[in-house]
Amino acid sequence: MAKKVILAVAGAGKTYYICHKIDPNKRNLILAFTHENIYNIQKELCDAHGGVPKLTMVSTFDSFVYHNFVLPYEPSIVEHFGIPGFVGSGICIKDPPPMRIPGRGRSMIPNPYYFKKDRLEHYVTRIRQYYCATLSELVLQVKKNRESLVKRAVARLNLFYDVVLIDEFQDFREYDYELIMALAKQFNDVVLVGDYHQHSVSAINNSGKPFKKRASDVGYDEFVAELQSAGFEVDTTTLDKSRRCSTEVCEFVSRKLGINISSCGENAGSVIWTDANAAEILENQQIVKLVFKDAASYSFQAMNWSYSKGDTVDAACVILTDRFDRLDDDGFSAKGIPVSTLNKLYVAMTRSRGDLYLMRPSTFKELRDSYIKT
């Protein structure tokens, strides 16, 4: 069985690679985390093949799990939890009830609507809809006659798909990640593509496996070693150059953030500090401004650092936070800055195919009040 992980850098063309390298005559299953990822994959497949190949299926991971591991095996799930006659009524995206809720003062009290993991009610709403957030957790624990649901389901899926490809796999955490690892052991041919340094960027899935061990972050080399020990071939060279960012931008990001990224040299762009013309840059609608948070509160066109993930713009101005006020100093060190913060800045600084403008927080604070929406 072939198991491969391709580790990429920002702008290397992960989706492009998947869509242009597949054999359209094979039965391909392409999975991704968000609907936006799926849209980008479908668009790229159309560019590469004139349409989504007839034998290729594209799906979000949640939809894939629900339609291939929950619906067909609901009788086994019902039997596992001992609730005869249960019939589900779809899925929902709302969060399941937390174990504890705020009580009086600052105390936390047990939530009466929370059910333990050995109860089916932990995974379904009162109107029998499955929580998207717990689909993988549910699938991983169900067994029939000591045989896991995963093994049974993948034995069937291997009859229908030749290759399984998962895009942006760094977005999967905890039970979703565990399920992917379990699936990879059973699929005949599986390829995972992602950027280690873009983990912990989205508003969800920012904690736990595989990038956290208790309170410690799992470093790049340790992450690669764990994938190799799990039986994956880890490819760190195929997508190691950015097709989006210029050589100057990549060298600056690599030097300042300690993240190895180099450029294919396809685009030209400089790193430009905005001390002398900050107001002019903020007024320029051709330059997208990237702020750490609360982008909607400003009158200029802006996005949050993390929300810009997956985007490409012609020019970007990254408005820095206090931690990075001296980013241009020779002695600047990223040591001690949370990994999640560095990853968000890495994402923001690698969105432009042209110039990257950088604005110090001290400079922005002098102008900020003029741009806050009232």
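Helix α4 (residues 74-81) has as its buried residues Glu74, Ser76, Ile77, Val78 and Phe81, where buried means under 20% relative accessible area, exposed over 50% and partly exposed in between (1.4 Å probe, protein chains only). Helices (H or I, at least four residues) and strands (E, at least two) are DSSP runs, numbered from the N terminus. The model is predicted: local features need pLDDT of at least 70 and side-chain atom pairs count only at pLDDT 80 or more, while totals for chains, interfaces and linings use all residues. Residues are numbered from 1 along each chain as its sequence is written, and side-chain values use heavy atoms, with hydrogens and water left out.

The cover over the buried residues of α4 includes α3 (61-70), β7 (130-131), α5 (135-141), β8 (143-144) and α6 (149-157). Glycine 82 follows α4 and has a positive phi, near 65°.

The largest nonpolar core has 52 residues; such a core is a set of buried Ala, Val, Leu, Ile, Met, Phe, Trp, Tyr and Cys residues joined through side-chain atoms within 4.5 Å. Phe61, Phe64, Phe69, Phe169, Leu183, Leu192 and Phe223 have the most contacts inside this core. A second, separate core of 49 residues includes Ile6, Ala10, Phe324 and Phe332. In soluble globular proteins, nonpolar side chains tend to be buried together.

| Residue | Residues in contact |
|---|---|
| Leucine 183 | Phe61, Phe64, Phe69, Val150 and Val154 |
| Glutamine 170 | Gly194, Asp195, Gln198, His199, Phe211 and Lys309 |
| Lysine 26 | Leu55, Thr56, Asp162 and Val163 |

Glutamine 170 is placed in the loop between β10 (163-167) and α7 (174-186). Because its relative accessibility is 1%, glutamine 170 counts as buried. Its side chain makes a polar contact of 3.3 Å with the side chain of aspartate 171. A polar contact is a pair of N or O atoms within 3.5 Å; within protein, one must be able to donate a hydrogen and the other to accept it, and residues adjacent in sequence count only if both atoms are side-chain atoms.

Lysine 26, in the loop between α1 and β2 (28-32), has 36% relative accessibility and therefore counts as partly exposed. Between lysine 26 and valine 65 there are 39 residues of separation in sequence and 22 Å in space, C-alpha to C-alpha.

How values were computed:
Contact means heavy atoms within 4.5 Å. Lists of a residue's contacts leave out its neighbours within four places in sequence.
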